[in-house]
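Let's take a friendly walk through the charges, patches and folds of this model. Have the sequence and the 3D view ready, and we can begin with a contact between chains.

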Amino acid sequence: MVARRRKRAAGTSETEILSPPGYSAIPVKFSEKQQSSHYLYIRQHRVREDTKSSWPQKRTLFVLNVPPYCTEECLSRLLSPCGPVQSVELQEKPDLAESPKEPKSRFFYPKPVPGFQVAYVVFQKPGGVSAALALKGPLLVSTESHPVKSGIHKWIRDYADSVPDPEALRVEVDTFMETYDKKIAEEEAKAKEEEGVPDEEGWVKVTRRGRRPVLPRTEAASLRVLEKERRKRARKELLNFYAWQHRETKMEHLAQLRKKFEEDKQRIELMRAQRKFRPY
Amino acid sequence: MAEPDSLPVMESALEGTGKEGKKESSKKHTMAGSPVEGLLQPVKLSRAELYKEPTNEELNRLRETESLFHSSLLRLQVLLGGWVEELLKEVKLSEKKKERIDAFLREVNQRIMRVPSTPETEGCFRFLPPAQVTVVGSYLLGTCIRPDINVDVALTMPREILQDKDGLNQRYFRKRALYLAHLAHHLAQDPLFGSVRFSYTNGCHLKPSLLLRPHGKDEHLVTVRLHPCPPPDFFRPCRLLPSKNNVRSAWYRGQSPSGDGGPEPPTPYYNTWVLQDTALESHVQLLSTVLGSASGLKDGVALLKVWLRQRELDKGLGGFSGFLVSMLVAFLVSTRKIHTTMSGYQVLRSILQFLATTDLTVNGISLCFSSDPSLPALADFHQVFPVVFLDSSGRLNLCADVTASTYRQVQHEAQLSMVLLDSRADDGFQLLLMTPKPMIRAFDHILHLRPLSRLQAACHRLKLWPELQDHGGDYVSAALGPLTTLLEQGLGSRLHLLAHSRPPVSELFYTLQWDISQDPPRHRDSGVLTLGLLLRPEGLTSVLELGPEADQPEAADFRQFWGSRSELRRFQDGAIREAVVWEAASMAQKRLIPHQVVTHLLALHADIPDTCIHYTGGLLDTLIQGLKETSSTGEEALAAAVRCYDDLSRLLWGLEGLPLTVSAVQGAHPVLRYTEVFPPTPVRPAYSFYEHLQERASLLPRPDKPCPAYVEPMTVVCHLEGSGQWPQDAEAIQRVRAAFQLRLAELLTQQHGVQCQATATHTDVLKDGFVFRIRVAYQREPQILRETRSPEGMISLRDTPASLRLERDTRQLPLLTSALHGLQQQHPAFSGVARLAKRWVRAQLLGEKLTDESLDLVAAALFLHPEPFTPPSSPQVGFLRFLFLVSTFDWKNNPLIVNLNNELTVEELVEIRSVFLATRTQLPVMVIITPQDRKSSIWTQDGPSPQILQQLVILAAEALPVLEKQLMDPRGPGDIRTVFRPPLDMYDVLIRLSPRHIPRHRQAVDSPAASFCRGLLSEPGPSSLMPVLGYDPPQLYLAQLREAFGDLALFFYDQHGGEVIGVLWKPTSFQPQPLKASNTKGRMVVSRGGELVMVPNVEAILEDFAILGDGLVQAVEARSERWTV
């Protein structure tokens, strides 16, 4: 049954590969050995006039459905026949902005396990995009000249990579802390400078650091203040003084009782419905 | 297991999973979005309803409840009243059925009277129709309970067919049996009856009774039991006193009477059985005058009957029957302890209170208030019977057949129940009357004696000839008392309670029945004698039985009792004493010392060889035994790891040169709370097996070798003191922590010479072969992660995923670990139970869907809230109760409250329940509440999904009866691993893995024949390089699969050496999807009816399974018959 369906699938792939409108499809396989392939859906990267995108419009190829074993280098190699590739960026989902240039620390942000991803491929020349759109495939991720590791070999390599290098970590931490300390010192100096100095409209900012520090502006603190106010007001209020107040309290009490009564009734009703009273 | 049954449920259950994958919120909605059947909803009354004008009647009713509701205890009672009413409705007979039964009884009466009499012939038994047919017993009193309605009918035999000396030598009993046989012969031909069978009255083999059932659809409505009885005043009461003999030794032994014989031994049991027949009517009269019109008393009796039945106390010879409790009620009424206006619940309470606080084995009670000097004294009865409760005649002991053990069991149950009732628990009623307590689930160890014919020899060995004569040759009941006494004495401080099954018991019915054309069953046919041992955990730790000093006169008794096992020993205080020492090195073996004791004593004193003793106590132990261990269930290995952790924490406390001091060191790993299924062993890597990474002092796995042994570092959280030096920015704190991790590694290596490896988030430490993962934590960090600044500059605290995770890992997890560590010190069986439970859940491939912690908490609940049981003292019984809890707990409407350290008060519990009801829809399906986590149930936040929980419940419900049957099988359990093997035919795709790359392959349920070298030495080797840590290819593979295909399929795997990964497609994701950039993952575009849609590219995905697991995957089996694209 599987075999038959496989044959049928293979047949259709030869004749015509369907793709969503606006995209073209390229079959991609892990290696020669595989029978069936995934499909990369690609189109030129385009955005509306008013939206900002850091990707150069003409030279960028947008790729959907990149299989998990396909890395950035690999995609770059597969598409280089269409023209020199400037950069490849794999992302979990489409994101218009280019990721920050500064790479995140690999000590503090370990690389996530890849799933199916999307890619932005920037060619050096616009011609690369159109050449890529005309690709027929199937593309092979792992070839003899460029084998891609998977399974046991990949995990062992990952394990070796994950063995930490304490020296590098120390250097990174030290540089970070140095800049951080500098930044904090600057902020403090600035705050000190502004202390008690009125702005152009004459307002003076009161901070925690001055001679008479104030409460920090936190939600908890403001809630505490409100609560205090409420209690103060409640003390002044007269309870059950007017007839209508009396009536309302009574009604409220009755409502509570009714509610409780209904609750218990419901509980018993439910148990009855579930035949919970049958002991065996 | 009936796997096919579970299939459709899983199928239908899975329909919701598609939604669940996409959004957190929608998962919860699948359960709560629509008002689900059988879910308690918070009461919503409209404003109009709540505030409408009350009627007078409503006002009164509400006022009445209000006054009761002031204390929660009273409120509970009112609620209880409602429950009791409902329960009684369930068990009591309806009027309609009563009419049908009455009609049947009239018919029976007529038919009996019409049975023809036989002509009078000399020397032969003669049948005459009964002089009187009377209905006696609970049916008449209206206290009989469903489902098995029995109507007892007394047939008074006419005086003409009996003779003067019939009381002697079983003559009366034989005539009685013949009388019944004649009746049976005639009634069996009557088409009115669906079945006519014999049985024993209360299990007494001298007294058969005839069971009649109506024909046709009423067959299961009622059983009429016919009991022949002598005409009134036929026997002279003084002949039947407990001190009199009515079975002559000469006759019994088949010898001709010889004049020389000494005094004949008294036959108290025989006398009692005769007396029981004469008193049938007087008892029913007494009961009907007492219970008469008092419906509360009747309700009370009915409740007590349910109570007894749930505890399996009411059946068999010497059972604590419903009749006995009715008489007890009568007694308490006569002593004014119960008033006739009391409600059923109050009667139940009073009787339980009475049973719990009085001891009828010492101070018997009597319903007879006459001061007739001719009556025997209570003391006379105490001499021959273990339990004494005399009826109104003062001559019949109603509790004659009740053994001391049975009575102790009743007492024990009553005490437990009273504690439960007084604890004001919300579900006390449920636990008291609705939870069955079968022997296998109630007792720690069970032992079967089989074949029963061995007991005959035991009777001779114990010199029980007079008892045999008295019991009419019933060697089982004759031997029962002495045997239990023997074992109770031998088990001493190890034993809390010993219970026995009451013969005769058959497998199908509570009482033995047989067809009238068959021979009656013999004593040995009643199957097996089953004993249940409830152990005392504190007594289990000792391997020594200390006897008297050698020169004391008791020493001889001690030697005689223990036989060759008794030895003279000199003790540290210089005393020389007799003592018995049992061989037991590990906790598991110590738990099984009772087995040694029982085997030794039975062989020594009762001539019962160990081949006849089938001991069920540690049969499940093999499942949590280490790879090569056979004598221990891992408690010792865990303790060794914990000791090493203690050493490490001392090192950390004493570390010099850290800029901030250590404020707390807390364990956060299952090993450190004794619940890791397979405890770690010290690692001794063989360096030649690995690749070396010298510059970082690490070993690496080699692709050409099998996967190295799995070493999981044990997490330890190390809190550093708070200080102004800590930065107030999350990123910076992270860096400072990393600096501390580095510093920690440096200092530990410098000062203590241990191998360390630091990363940004933790420091791995290799100490004595154990690897610990120290995580530095800063108390205020979760707080800082929670801070968000609003545009106006206001700082508010909001939980974020990162803050919750950190809070859980550095605060909640250590707290839980230390609480459970404490629990293990109180209950030594906790470790075994928790690990068996986890082993089972993981073997069912559900281990990754339920967190470690949640399963540990469920196991803890069995110890902290054992009601109506006592905390388990053996892993076996604990595991059975785990299965029972999981399969019966109403997760929808109740939180599982685990009151660690008893921190929550009753008021808080009430509060928690009401909060739970109000917020039910936002909570996960499985809610576990602890004192540290009162609202959110953190350990079940991320799963299980409703479908997985459903599957777990189904599997547990199927496993429980199978396992219980295996354990209760006296011929041995067969294959105990049956319930641990998962059903595989429900999965759509099976991925078979190569054992070579499964590091924990040896832990599999069925331990594999072939094993691989995992690069370990048997002797301690060098320890300068860090072993390979946490490298488990199947787990790495699963992580990749879940990331890539998580929204298309679910993956199931047993982390303890599973060889197969089960894959279930999510039905919803197989629906064709519209074209969208966000759902192209793993899909392809096809044309369906001229429209372009996306469907999963299954062919390619199946090949991806093999590619991603290259080297690990052996085969991908697609069971395509189960799905189509």
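## A bridge between chains

In this predicted model, B:Arg696 and A:Asp165 form a salt bridge, with 3.8 Å between the closest N and O atoms. A salt bridge here is a side-chain nitrogen of Lys or Arg within 4 Å of a carboxyl oxygen of Asp or Glu. B:Arg696 sits in the loop between strand 17 (691-693) and strand 18 (698-700) of chain B, and A:Asp165 in the loop between helix 4 (152-162) and helix 5 (166-194) of chain A, so the pair joins two chains. Helices (H or I, at least four residues) and strands (E, at least two) are DSSP runs, numbered from the N terminus.

Buried means under 20% relative accessible area, exposed over 50%, and partly exposed in between (1.4 Å probe, protein chains only).

A note on conventions: residues are numbered from 1 along each chain as its sequence is written, while chains are lettered from A and ligands numbered from 1 in the order in which they are written. Because the model is predicted, local features need pLDDT of at least 70 and side-chain atom pairs count only at pLDDT 80 or more, whereas totals for chains, interfaces and linings use all residues; side-chain values use heavy atoms, with hydrogens and water left out.

## Salt bridges within chain B

How many salt bridges does a search of the whole structure find? Over all chains, the search finds 50. One of them links B:Glu583 and B:Arg565 at 3.3 Å, N to O. B:Glu583 lies in the loop between strand 14 (576-581) and helix 24 (587-591), and B:Arg565 in the loop between helix 23 (554-562) and strand 13 (567-570), so the pair ties together parts that are 18 residues apart in sequence. B:Glu583 is exposed at 55%, while B:Arg565 is partly exposed at 21%.

Another bridge brings B:Arg1042 and B:Glu848 together at 3.4 Å, N to O. Since B:Arg1042 belongs to helix 35 (residues 1033-1045) and B:Glu848 to the loop between helix 30 (830-843) and helix 31 (852-864), this pair ties together parts that are 194 residues apart in sequence. B:Arg1042 is partly exposed at 30%, and B:Glu848 is partly exposed at 25%. Salt bridges with shared partners also connect B:Arg673, B:Lys838, B:Arg842, B:Asp852, B:Glu853 and B:Asp856 into one network.

## The build of chain A

Chain A holds seven helices and six strands, in the order α-β-β-β-α-β-β-α-β-α-α-α-α along the sequence. Of its 280 residues, 32% are buried.

The chain is divided into domain 1 (24-95 + 104-161), domain 2 (166-197) and domain 3 (240-273), with bounds from an automatic or database domain assignment. Taken over C-alpha atoms, the centres of domain 2 and domain 3 of chain A are 61 Å apart.

## A nonpolar surface patch

Which residues form a nonpolar patch on the surface of chain A? They are A:Leu238, A:Phe241, A:Tyr242 and A:Trp244, with about 460 Å² of accessible area together. Patches are made of residues with over 30% relative accessible area and no salt bridge, where like charges are joined within 9 Å and nonpolar side chains (Val, Leu, Ile, Met, Phe, Trp, Tyr) within 5 Å. Accessible areas come from the Shrake-Rupley method with a 1.4 Å probe, and for residues only the protein chains shown count as cover.

A:Tyr242 is found in the loop between helix 6 (219-236) and helix 7 (243-273) of chain A, and is partly exposed at 44%.
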